[in-house]
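Q: Could you take a close look at how the helices pack in this model? I would like one connected account, with the cut-offs behind each term.

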Amino acid sequence: MRAPLERGDRAVLAETIRASVRREYPHVLAQELQGDDGLRPPRELHPAFYGSYDWHSAVHGHWALVRLLAGGLPPDVAAAVEATLDEHLRPDRLARELAFFAGPEGRNAERPYGWSWLLRLHAELEGAGDRRAAATAPLADHLRARLVDYLAATLALPIRSGTHANTAFSLRLLLQVARDAGDAELLDAVTVAARRWFAGE
């Protein structure tokens, strides 16, 4: 069992992550271009999750901030983290994220790993009773429904690369979300897919 981080280490980690999720460049965009008007900077395409090196890292960073905040931070660091979460997880910014993923340019972008981290972030907010969970709910609901379809009907074989694209990484995240939320449909989709891909069932 790993020892918990000391309060000072947690503060340093929180500040490092906060700086990352607020830094726009360098950045790798994942989208399917439909025309010249799709060429926009990260802050316009993803006003909530424009920072870090890519979208899923930004989402993961926000999840880590929520965890660190719940675990206790010095008051000044906690206030800064709260301000960053309030700024990024606003309903208007998340509505623009939803518009991207509901449109043609976002239909495959960050699927499934980034989508799985978004569900994990939303579950973390809900579990903490965080008021910002209401703002992430529409995007989480949209991506969850698409992930269920993806696992059941779209992905014929798992991706086995040694990177975050490996399907097993996403399944692990989704398994945690489904169990924590008591989401029987998502749990069934994950377990059936895992058994089909990795147990030959």
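A: The crossing of helix 8 and helix 9 is left-handed, a crossing being called left-handed if the near helix is turned anticlockwise from the far one by less than a right angle, and right-handed if clockwise. The axes of helix 8 (residues 167-181) and helix 9 (residues 184-198) come within 9 Å and cross at roughly 150°, where axes are lines fitted to C-alpha atoms, for helices over the stretch in contact, and angles run from 0 to 180 degrees between N-to-C directions. Helix 8 and helix 9 are therefore roughly antiparallel to each other (angles under 35 degrees count as roughly parallel, over 145 as roughly antiparallel, 65 to 115 as roughly perpendicular and the rest as oblique). On the helix 8 side the contact is made by Thr-167, Ala-168, Leu-171, Leu-174, Leu-175, Val-177, Ala-178 and Arg-179, and on the helix 9 side by Leu-186, Leu-187, Val-190, Thr-191, Ala-194, Trp-197 and Phe-198, with contact meaning heavy atoms within 4.5 Å. By class, this contact has twelve nonpolar, two polar and one charged residues; Ala, Val, Leu, Ile, Met, Phe, Trp, Tyr, Cys and Pro count as nonpolar, Asp, Glu, Lys and Arg as charged, and the others, Gly among them, as polar.

The model is predicted, so that local features need pLDDT of at least 70 and side-chain atom pairs count only at pLDDT 80 or more, whereas totals for chains, interfaces and linings use all residues. Residues are numbered from 1 along each chain as its sequence is written, and side-chain values use heavy atoms, with hydrogens and water left out. The helices themselves are DSSP runs (H or I, at least four residues), numbered from the N terminus, as are strands (E, at least two).

Helix 8 also meets helix 6: their axes come within 9 Å and cross at roughly 25°, and the two helices are therefore roughly parallel to each other. This crossing, too, is left-handed. Tyr-113, Ser-116, Trp-117, Leu-119, Arg-120 and Ala-123 of helix 6 make the contact with Phe-169, Ser-170, Leu-173, Leu-174, Gln-176, Val-177 and Asp-180 of helix 8. These residues divide into eight nonpolar, three polar and two charged. Ala-165 is found in the loop between helix 7 and helix 8, and at 32% relative accessibility it counts as partly exposed (buried means under 20% relative accessible area, exposed over 50%, partly exposed in between, with a 1.4 Å probe and protein chains only).

Helix 3 (residues 55-71) has 17 residues and reaches 25 Å from its first C-alpha to its last, close to the 24 Å expected at 1.5 Å a residue, the expected span being 1.5 Å times one less than the number of residues. Twelve of the 17 residues of helix 3 are buried, among them Trp-55, His-56, His-62 and Trp-63. The buried residues of helix 3 pack against helix 1 (7-21), helix 4 (75-88), helix 5 (91-102), helix 6 (113-127) and helix 7 (133-154). Helix 3 is followed by Gly-72, whose phi is positive, near 105°.

Within helix 5 lies Arg-93, which at 15% relative accessibility counts as buried. Leaving aside neighbours within four places in sequence, Arg-93 is in contact with Pro-47, Ala-48, Tyr-50, Glu-87 and His-88.
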